[in-house]
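Subject: Handover of a structure and the findings on it

Dear colleague,

Please find the structure below, followed by an account of what was found in it.

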Amino acid sequence: MLESVKYLIGSVGASGFGSKSTAEEVTQNSDLRSLTAIITGATSGIGAETAQVLARRGARLILPARNVKAAEEAKSRILSEYPDSEIVVMALDLSSLNSVRRFVTEFDSLRLPLNLLINNAGKFAHEHGISEDGIEMTFATNYLGHFLLTKLLLKNMIETANVSGIQGRIVNVSSTIHGWFTGDTIRYIGEISRNNRHYDPTRAYALSKLANVLHTKELARRLKKMEANVTVNCVHPGIVRTRLTREREGLITDLVFFLASKLLKTIPQAAATTCYVATNPKVKNVSGKYFADCNETTSCKRASNLKEANRLWCASEIMVSNTDNKSSLATFTNLI
């Protein structure tokens, strides 16, 4: 009850910020002119606000998108406000592992450093779908594509941190809904990747968001073991109406959001936690943590299970392996 009251009134936490803080407010003293950031899902909503604010603070932006036209429009909007911004638009379909690999190859050819990786893009698939790699579409987009993207960009991030002396930061955007998933994670991925008999859109979305947190925990452990000057943290942006609901626009959706309006954040408020974790000096050397309302908090108990995190990591390595994708999925399926 107390936490709900704090949320509603915007009470600040140890960071000095709270649920009513905006992305501009939490980056007010940030000078990002020496940094390069990749932000997925930056064509609308929270991602677009994150890109706008980081550009205002001077960061060079890489905007990968499945819809390149939408990304170019997002770039134009930023340049209209901040004409000196350096912004590169690139093609990326996170549901396609080959597209992720092509993106990283093209990014590497630019010979740019990489300081910030913000894995923000998200999908809520109301209808069951399978990616070209044979993986359920929500999981493929929200988690597996980001898993491979991070894996392939990590060498650049570590080298950039070593050369520049500036700690690299990875931010995985999850959701409090990650705690809604019940059951065996690996088994359910296999079930909904084979057919739609067990598919439930909310459960699939919750699974993908739980996977984002587990990825954060395991990657943080591995980065520490490597003594890499790169951190990774996970954030819950809050409840906000974005294009994530675009497949269910209508009277019922409008009514639900109207009734929940007192709990909704504005998009600038929803982008605040991402921007805080990506840029604030107070988060230096903090890794493997879960943030909400610009403050460190606790994820669900299951999301902190290191054995579960390692199990998902091993399964993910199989799913993104460079062998034939269908063979990889068959190997993965045999694990369950």
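Helices (H or I, at least four residues) and strands (E, at least two) are DSSP runs, numbered from the N terminus. The model is a predicted one, in which local features need pLDDT of at least 70 and side-chain atom pairs count only at pLDDT 80 or more, while totals for chains, interfaces and linings use all residues. Residues are numbered from 1 along each chain as its sequence is written, and side-chain values use heavy atoms, with hydrogens and water left out.

Overall picture

The protein has 13 helices and eight strands. Of its 336 residues, 55% count as buried; buried means under 20% relative accessible area, exposed over 50%, and partly exposed in between (1.4 Å probe, protein chains only). Among contacts (heavy atoms within 4.5 Å) with a separation of 6 or more, 76% are between residues 24 or more positions apart.

Asn 119

Asn 119 belongs to strand E4, residues 116–119. Its relative accessibility is 2%, and Asn 119 therefore counts as buried. The side chain of Asn 119 makes polar contacts with the side chains of Thr 150, at 3.0 Å, and Asn 172, at 2.9 Å. A polar contact is a pair of N or O atoms within 3.5 Å; within protein, one must be able to donate a hydrogen and the other to accept it, and residues adjacent in sequence count only if both atoms are side-chain atoms. Leaving aside neighbours within four places in sequence, the residues in contact with Asn 119 include Thr 40, His 146, Leu 149 and Ile 170.

In H3, 11 of the 12 residues are buried, among them Ile 46, Glu 49 and Leu 54. After H3 comes Gly 58, with a positive phi near 105 degrees.

Because 19 of its 26 residues are buried, H8 is largely enclosed by the rest of the structure. Asp 200 caps the N-terminal end of H8, with a side-chain oxygen 3.2 Å from the backbone nitrogen of Thr 202. Just after H8, Glu 227 has a positive phi of about 60 degrees.

Loop residues

The loop between helix H11 (272–279) and strand E7 (290–292) holds Lys 284, which is exposed at 52% relative accessibility. Lys 284 touches Gln 167 and Arg 169, not counting residues up to four places away in sequence. Lys 284 and Ile 166 are 118 residues apart in sequence, with their C-alpha atoms 9.9 Å apart in space. Asn 285 is found in the loop between H11 and E7; although Asn 285 is not a glycine, its phi is positive, at about 70 degrees. Asn 285 counts as exposed at 57% relative accessibility.

Arg 111 is in the loop between helix H5 (97–109) and E4. Arg 111 is not a glycine, yet has a positive phi of about 55 degrees; its relative accessibility of 76% makes it exposed.

Yours sincerely
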